[in-house]
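Subject: the model you asked for

Hi,

My notes on what turned up follow below it.

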Amino acid sequence: MMPAMTIRGLSLPLTTYRRRRARAVRLAAEAHTRALPILFIGCDENRLRAVRQDPWFDYYSGCAEPDAALLIDPLRSTRDTLFLHPGDPSRVIWDGPRLGPDERARRLHGVHAVADLSRLEAAVGAAARRAGYRLAMCTREREPGFQAEQFALWKKELKGITLINVEPQLVHQRMYKDADEVACHRRAIAITRDGLRSTLRQLRTLRSEAAVASQLTMHYRSVAYGPLAFPPIVGSGVHGATLHYPHNDQPLVPRAPLLIDSGATSGGYCADVTRTVPQHGRFDDRRFREVYELVLACNALGRRHARPGITRDELNAVAWKPIIDAGFIRHHGLSHHIGLDVHDPADYTVPFAPGMIISNEPGVYLPDEGFGIRIEDDLLITADGCEDMTREIPKTIPALERWLRG
Ligand SMILES: [Mn+2]
């Protein structure tokens with residue numbers, strides 16, 4: 001008898017994954033003039049437990065098992081094959097049951113075939129030979145990640161086969177979110193809102209950046225079950241002026257501004273929200289208040305101008321203007337795409353269009369004055385503008401002061 005087993009992954013309908021795989025084949029073929037097999041590798045056990053499933057592999061398979069791979073071979077009638085590790089029966093009592101390469105896994109994931117992971121290399125070699133010694137995978141230079149590591153590895157392994165990067169084509173799928181993906185994103189934001197509210201209400205009782213980060217992590221994970229979008233950035237005082245402050249290990253500086261950049265996930269989709277607040281609950285420092293209003297004005301400009309047809313560069317030019325006119329330096333871009341990756345891979349030469357989810361995050365960083373300010377929202381581009389998906393998380397001074405009072 002099969003042991004009882006909790007099925008993980010598959011956050012979206014099976015038809016979504018099928019449609020994505022079919023479209024991936026078309027996108028790759030259009031750009032490379034003929035049908036190409038496409039390979040996605042899932043994370044190994046350690047990486048999957050420590051971080052999360054690889055977003056590219058997840059996007060096309062929904063599979064949450066470690067040590068898995070997906071081969072989409074348009075030259076075969078059994079086009080989509082999910083490769084799974086058969087597992088070690090003696091490990092089941094230690095690690096729990098896992099999904100093996102059997103009929104149940106095939107039906108569950110809606111693929112044409114499943115196979116033992118030990119057969120992957122031979123199957124990939126055969127698929128590439130049929131396609132004229134060519135194989136497609138995904139890699140990127142900026143924020144490379146697990147799939148890029150796999151690209152480099154397979155490039156070395158596969159002798160006599162040309163490895164083609166199809167990420168530039170496949171991002172044209174990932175940039176547009178369907179209704180189910182938007183619903184996942186909304187849930188991730190709702191969890192983030194509740195976690196932030198509850199943490200900010202307790203702020204006066206918390207003593208360290210670590211305590212704030214722990215509260216957020218506890219709220220996000222206990223509601224979402226799943227991983228965080230990224231480790232929270234909690235910078236008190238001057239640490240808020242470090243864009244990706246990685247430490248969260250200092251005491252909270254009394255009365256200093258506190259910058260919190262964090263996000264929960266839902267179904268793998270990430271929220272990405274930053275708020276900067278005075279720790280004692282009141283925006284009574286004149287300089288902080290003045291710079292805060294400036295950043296808020298840029299955030300409002302970003303929201304006002306984010307609409308179909310505008311490119312990221314054009315939005316940057318409009319939204320940062322008050323900050324630059326005031327003599328401050330622009331240290332980063334206003335927007336990135338958000339999805340399964342918190343910095344979702346995208347083609348930024350494509351103007352924004354309905355269904356895209358982007359960040360709106362102006363900031364001013366003043367290490368010499370002992371603080372940094374960033375206000376970051378997630379915007380859904382709509383037919384005639386955008387929706388501020390994070391509008392329920394306050395950012396105006398009176399609304400934030402009300403939230404901080406609890
Ligand atoms: Mn961001």
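First, a term for the notes: a residue counts as buried if 20 or more other C-beta atoms lie within 10 Å of its own, exposed if 12 or fewer, and partly exposed in between, with C-beta atoms placed from the backbone. By that count A31 is partly exposed, because it has 15 other C-beta atoms within 10 Å. A31 sits in helix 1 (residues 14-32); helices here are DSSP runs of H or I with at least four residues, strands are runs of E with at least two, and both are numbered from the N terminus. The C-alpha atoms of A31 and P168 are 9.5 Å apart, although 137 residues separate the two along the chain.

Two housekeeping points. This is a predicted model, where local features need pLDDT of at least 70 and side-chain atom pairs count only at pLDDT 80 or more, while totals for chains, interfaces and linings use all residues. Residues are numbered from 1 along each chain as its sequence is written.

**Domains**

The chain splits into domain 1 (14-174) and domain 2 (179-405), with bounds that come from an automatic or database domain assignment. Their C-alpha centres lie 34 Å apart. Where they touch, twelve residues of domain 1 are in contact with eleven of domain 2; contact means that the C-beta atoms, placed from the backbone, lie within 7 Å. On the domain 1 side, helix 3 (55-61) and helix 8 (167-174) are the elements that give two or more residues. Helix 8 gives the most, with five residues.

**Core**

Which residues touch the most other members of the largest nonpolar core? They are I38, L39, F40 and L71, in a core of 105 residues. Both domain 1 and domain 2 give residues to this core, so it lies between them. A nonpolar core here is a set of buried Ala, Val, Leu, Ile, Met, Phe, Trp, Tyr and Cys residues joined through C-beta atoms within 7 Å. Leaving aside residues up to four places away in sequence, F40 touches W56, F57, Y60, S61, A69, L70 and Q147.

**Helix 6**

In helix 6 (residues 120-130), the buried residues are A123, V124, A127 and A128. They are on the same side of the helix, because they cover an arc of only 130 degrees around the axis; the arc is that of the directions from the helix axis to the C-beta atoms. The buried residues of helix 6 pack against strand 1 (38-41), strand 2 (69-72), strand 3 (80-84), strand 4 (113-116) and strand 5 (134-137). Just after the helix, G132 has a positive phi of about 80 degrees.

**The 7-8-11 sheet**

This is an open, antiparallel sheet of three strands in the order 7-8-11; two strands pair if DSSP finds at least two bridges between them. Strand 7 (233-236) and strand 11 (273-278) each have a single partner strand, so one side of each is left without a neighbour in the sheet. Neighbouring strands are turned by 10 degrees against each other on average, direction ignored. Four bridges link strand 7 to strand 8 (residues 257-262), and G235 stands opposite L259 in strand 8. Helix 10 (residues 209-224) packs on this sheet, touching strand 7 and strand 8, with its direction at about 150 degrees to that of strand 7. For such angles, axes are lines fitted to C-alpha atoms, for helices over the stretch in contact, and angles run from 0 to 180 degrees between N-to-C directions.

**The 12-15-16 sheet**

Another open sheet of three strands has the order 12-15-16, again with antiparallel pairing. Its edge strands are strand 12 (357-360) and strand 16 (386-388), and the twist averages 35 degrees from one strand to the next. Helix 11 (residues 286-305) packs on this sheet and touches strand 12, strand 15 and strand 16; its direction makes about 155 degrees with that of strand 12.

Is strand 15 mostly covered or left open? Mostly covered: five of its five residues are buried. D377, L379 and I381 point one way, D378 and L380 the other. Strand 15 pairs with strand 12 over four bridges, where L379 is the bridge partner of I358. Three bridges join strand 15 (residues 377-381) to strand 16, and L380 stands opposite E387. Strand 15 and strand 16 form a hairpin with four residues between them.

Cheers

Technical notes:
Two residues are in contact if their C-beta atoms, placed from the backbone, lie within 7 Å.
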